[in-house]
Amino acid sequence: MMEMLLRQCSKEFLHFAACLQPCRLQHCGQGHGRPGRFLVSRLFQPANLWEDRELGVEGRQGELTCRSQRLMLRAGLIHPASPGCYYYLPHTLRAVEKLVRVIDQEMRAIGGQKLNMPSLCAADLWKRSERWDLMGKELFRLRDRHNGEYCLGPTHEEAVTELIASLGSLSYRQLPLMLYQITRKFRDEPKPRFGLLRGREFYMKDMYTFDVSEEAARQTYDTVCQAYCHLFERLGLSFVKVRADTGSIGGKLSHEFQLPADIGEDRLLICANCSFSANVETVQAGEADCPECRGKLTETKGIEVGHTFYLGTKYSSIFSASYNTPQNKPAVTEMGCFGLGVTRILAASIEVLSTEDSIRWPGLLAPYQVCILPPKKGSKEEEAAGLVDALYDGLGEAVPALRGEVLLDDRTQLTIGKRLKDASRLGYPYVIVAGRRILEDQPHFEVCCQNTGETVFLTREGVFDFLRNVQTV
């Protein structure tokens with residue numbers, strides 16, 4: 001009796017397994033799927049991409065004023081919450097986190113130390129620096145239940161200088177000291193626009209440096225600027241470093257890092273004969289010739305993605321941030337501050353790299369590096385679905401850098417063409433298609449390189465070799 005029962009259970013199990021085997025790719029997204037797999041059907045993403053419709057800030061297409069905003073909304077990368085504020089959805093957050101890792105690498109390479117300061121800043125600090133009134137309506141201001149005044153920090157010069165001052169005098173041996181944070185910032189923009197390019201809430205990297213002398217502070221200033229240049233070079237972005245106005249932050253010297261773009265709000269003057277470049281705000285009105293070589297200045301537009309300031313003792317003298325000299329005498333520190341618009345870099349890179357219909361990312365920042373498209377359900381190629389399984393599972397072992405970087409588009413009820421169009425719009429750098437050549441005696445996958453437009457046909461081992469050169473962070 002027991003033997004008959006076991007035999008019957010075995011038959012039922014084999015029948016169940018046989019039913020599951022042909023459709024494992026279609027159904028793995030409806031349950032938990034295999035551990036470690038990233039399935040398109042499981043992504044939390046608005047349906048506007050799949051339905052091929054565009055969503056404006058309030059459902060009105062007229063609100064879409066630039067390419068990056070339109071593409072990010074349509075692809076479900078961001079979702080409007082209120083004017084100038086957005087939900088960052090999973091793809092976008094993955095890209096932001098990658099950018100943060102790249103910034104961390106560059107800042108730590110020059111000696112930067114990361115910390116985190118309160119977003120809620122006491123009004124007293126800002127009043128001591130006289131920026132409480134100078135900043136005007138740009139500050140988000142509030143009062144607590146005890147009638148104390150605060151603002152939501154757009155920058156933290158006052159806070160970090162007060163921190164250093166409260167610890168007592170530093171030793172000259174501790175300088176230069178380079179402290180930075182990557183946090184949300186707030187600015188009451190009168191007219192938020194361009195999606196993440198000009199919002200009221202955004203992510204920013206702000207570094208503050210303390211040095212023993214003006215000469216040392218200027219050397220630190222140059223070091224940080226060089227790190228910024230290296231950062232943008234790693235991201236593959238064409239940029240211009242221009243002279244800039246110090247504005248409400250103040251100081252003796254300032255530069256902006258700009259990405260040339262038609263929708264840029266800054267006007268830039270660039271000389272083709274020498275290295276001179278400047279924001280038009282710093283050049284005498286009507287000036288047509290370069291002040292350094294008398295060459296002709298050409299005007300262009302740019303998106304500001306970074307800003308650097310040599311502050312001198314503007315803040316350290318107010319808050320008494322000092323250090324002890326080798327003679328054990330107190331002296332005021334020389335300061336600099338250095339900003340990078342994290343979410344603005346992300347949006348600006350999409351603005352300058354993308355086509356009108358498809359997002360293109362800096363290679364390091366793509367949410368996922370690879371998207372694999374299995375055959376359509378019911379097609380002749382479906383019998384080779386096991387090869388797609390093997391490719392997906394083998395990629396992580398053959399190319400460890402791609403672990404967690406590969407998506408499987410398991411929506412096999414859709415055609416390859418439809419899924420390929422979606423993958424193009426989302427900008428995955430490499431799309432691998434299990435098409436007709438998957439049925440050859442030596443199966444080949446179609447590999448589409450989205451950033452170059454190149455398409456190659458490779459065996460499984462060839463795919464592994466090809467993708468070993470992909471850089472990740």
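## Sheet, helix residue and chain totals

Ser171 has Asn324, in β16, as its bridge partner. The model is a predicted one, in which local features need pLDDT of at least 70 and side-chain atom pairs count only at pLDDT 80 or more, while totals for chains, interfaces and linings use all residues. Residues are numbered from 1 along each chain as its sequence is written, and side-chain values use heavy atoms, with hydrogens and water left out.

Strands are DSSP runs of E with at least two residues, helices are runs of H or I with at least four, and both are numbered from the N terminus; two strands pair if DSSP finds at least two bridges between them. Strands β8 and β16 run parallel and are joined by 2 bridges. They belong to an open sheet of 3 strands with mixed pairing, in the order β8-β16-β17. Because β8 and β17 each have a single partner strand, they stand at the edges, and one side of each is left without a neighbour in the sheet.

| Strand | Residues |
|---|---|
| β8 | 170–171 |
| β16 | 322–324 |
| β17 | 330–332 |

Glu157 lies in helix α7, which covers residues 157–166. Glu157 counts as buried because its relative accessibility is 2%, where buried means under 20% relative accessible area, exposed over 50% and partly exposed in between (1.4 Å probe, protein chains only). Beyond its neighbours within four places in sequence, Glu157 has contacts (heavy atoms within 4.5 Å) with Arg131, Tyr208, Ile249, Leu311, Tyr315 and Cys337.

The protein chain holds 13 helices and 23 strands, and 50% of its 473 residues count as buried.
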